[in-house]
Amino acid sequence: MSVLFFKRFLQRPFQIASIVPSSKALVERVAEKIDFDCARVIAEYGPGEGVHSREIARRMRPDAKLLLFELDAALSRDLQRQFAGDPRVLVCNADAFTLPDELARRRIAPCDYIVSGIPFSILEINKKRDLLQKTHQALHPGGSFIIYQVTNELKQHATFFDETESEYFLQNIPPMFITVFHKANTRNGGEHPARNGAVPLAAPTTS
Ligand SMILES: C[S@@+](CC[C@H](N)C(=O)[O-])C[C@H]1O[C@@H](n2cnc3c(N)ncnc32)[C@H](O)[C@@H]1O
């Protein structure tokens, strides 16, 4: 168990919302939902101590980008340290709500995938809908939003996504629903945007 993660849970139980990081089995299952050959821009909400981030970074293309949004300052600092040698990974000690602004500010193309580990179910209803809206906005057409949660209640709020797949995954404590929300690709007949090289990253920036 990550000592830092547990300490942060004791400090902010509602924000961290779990005493242990995701299991290896859950991490692998979530990673299997991502087509790493195509993914150029991936964002993660609530990476915590980085158990999913490390697996995503391990599998992703050399020219891909991974943006990590972690609210907790101590966990963010630890993520900065872990990924200091990997220029593909950007750690933002910021709320997941800021993803569209960060993409615009850094001139990065919309995301192919957004993975979320934040406790959505305890967000107040308007915040939940607002974050879902921002997530939809930050995805490229054809992109997917992947969330793992104890409940599957988000499905009823994420009605503007075009397709949803869900599974109940038992190999984690506690068991989790893994749900993938797809945003339709209206531009190229349903193909994933990165599959035909249609989503290059914008010019690199200095920040
Ligand atoms: C349940 S932990 C998940 C940690 C990790 N993803 C895992 O699977 O082990 C939730 C994490 O989300 C972070 N978090 C909660 N709300 C957030 C928000 N609005 N934006 C960014 N991070 C948030 C918490 O600080 C915590 O690190």
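# Helix, sheet and cavity: questions and answers

Biologist: R81 is found in helix α5. Is R81 buried or exposed?

Modeller: This is a predicted model, in which local features need pLDDT of at least 70 and side-chain atom pairs count only at pLDDT 80 or more, whereas totals for chains, interfaces and linings use all residues. Residues are numbered from 1 along each chain as its sequence is written, and side-chain values use heavy atoms, with hydrogens and water left out. Buried means under 20% relative accessible area, exposed over 50%, and partly exposed in between (1.4 Å probe, protein chains only). Because its relative accessibility is 55%, R81 counts as exposed.

Biologist: With which side chain does the side chain of R81 make a polar contact?

Modeller: A polar contact is a pair of N or O atoms within 3.5 Å; within protein, one must be able to donate a hydrogen and the other to accept it, and residues adjacent in sequence count only if both atoms are side-chain atoms. At 2.7 Å, the partner of the R81 side chain is the side chain of D78.

Biologist: How far apart in space are R81 and V91, C-alpha to C-alpha?

Modeller: In sequence, R81 and V91 are 10 residues apart. Between their C-alpha atoms, the separation in space is 9.8 Å.

Biologist: Which pattern does the protein follow when read along the sequence?

Modeller: Helices (H or I, at least four residues) and strands (E, at least two) are DSSP runs, numbered from the N terminus. The protein holds seven helices and seven strands. Read along the sequence, they follow the pattern α-α-α-β-α-β-α-β-α-β-α-β-β-β.

Biologist: What is the average twist from one strand to the next?

Modeller: Two strands pair if DSSP finds at least two bridges between them. Seven strands form an open sheet of mixed pairing, in the order β3-β2-β1-β4-β5-β7-β6, and the edge strands β3 (89–92) and β6 (163–169) each pair on one side only. Axes are lines fitted to C-alpha atoms, for helices over the stretch in contact, and angles run from 0 to 180 degrees between N-to-C directions. From one strand to the next, the twist averages 15 degrees.

Biologist: Which residue of β7 stands opposite F145?

Modeller: β5 and β7 pair in the antiparallel sense over six bridges. β7 is mostly covered, with five of its seven residues buried. Opposite F145, the residue in β7 is F181.

Biologist: Which residue in β7 is the bridge partner of Y168?

Modeller: β6 and β7 run antiparallel and are joined by seven bridges. These two strands form a hairpin with six residues between them. In β7, Y168 has as its bridge partner F177.

Biologist: What is the omega of the cis peptide bond that joins I173 and P174?

Modeller: P174 has its place in the loop between β6 and β7. The peptide bond from I173 to P174 is cis, with omega at about -5 degrees.

Biologist: How much space lies in the largest cavity?

Modeller: On a 1 Å grid over the protein atoms alone, a cavity is a set of points where a 1.4 Å probe fits but cannot get out, and lining residues have an atom within 4 Å of a point. Grid points are joined across faces, edges and corners, and a volume is the space filled by probe spheres set on the points. The structure holds one cavity of 30 Å³ or more. The space in the largest cavity is about 30 Å³.

Biologist: Which strands each supply at least two residues of the lining of the largest cavity?

Modeller: The lining consists of I147, Q149, T151, N152, L154, F177 and T179. Ala, Val, Leu, Ile, Met, Phe, Trp, Tyr, Cys and Pro count as nonpolar, Asp, Glu, Lys and Arg as charged, and the others, Gly among them, as polar. The lining residues divide into three nonpolar, four polar and no charged. At least two of the lining residues come from each of β5 (139–149) and β7 (176–182).

Biologist: Is L154 buried or exposed?

Modeller: L154 is found in the loop between β5 and β6, and its C-alpha atom is separated by 8.5 Å from that of K128, 26 residues apart along the chain. Because its relative accessible area is 3%, L154 is buried.

Biologist: What is the positive phi of R107?

Modeller: R107 lies in the loop between α6 (99–106) and β4 (111–116). Its relative accessibility is 47%, so R107 counts as partly exposed. Although R107 is not a glycine, its phi is positive, at about 55 degrees.

Methods: 1 Å grid on protein atoms, 1.4 Å probe; cavity = no way out; pocket = protein on both sides within 12 Å on 5 of 7 lines; lining within 4 Å.
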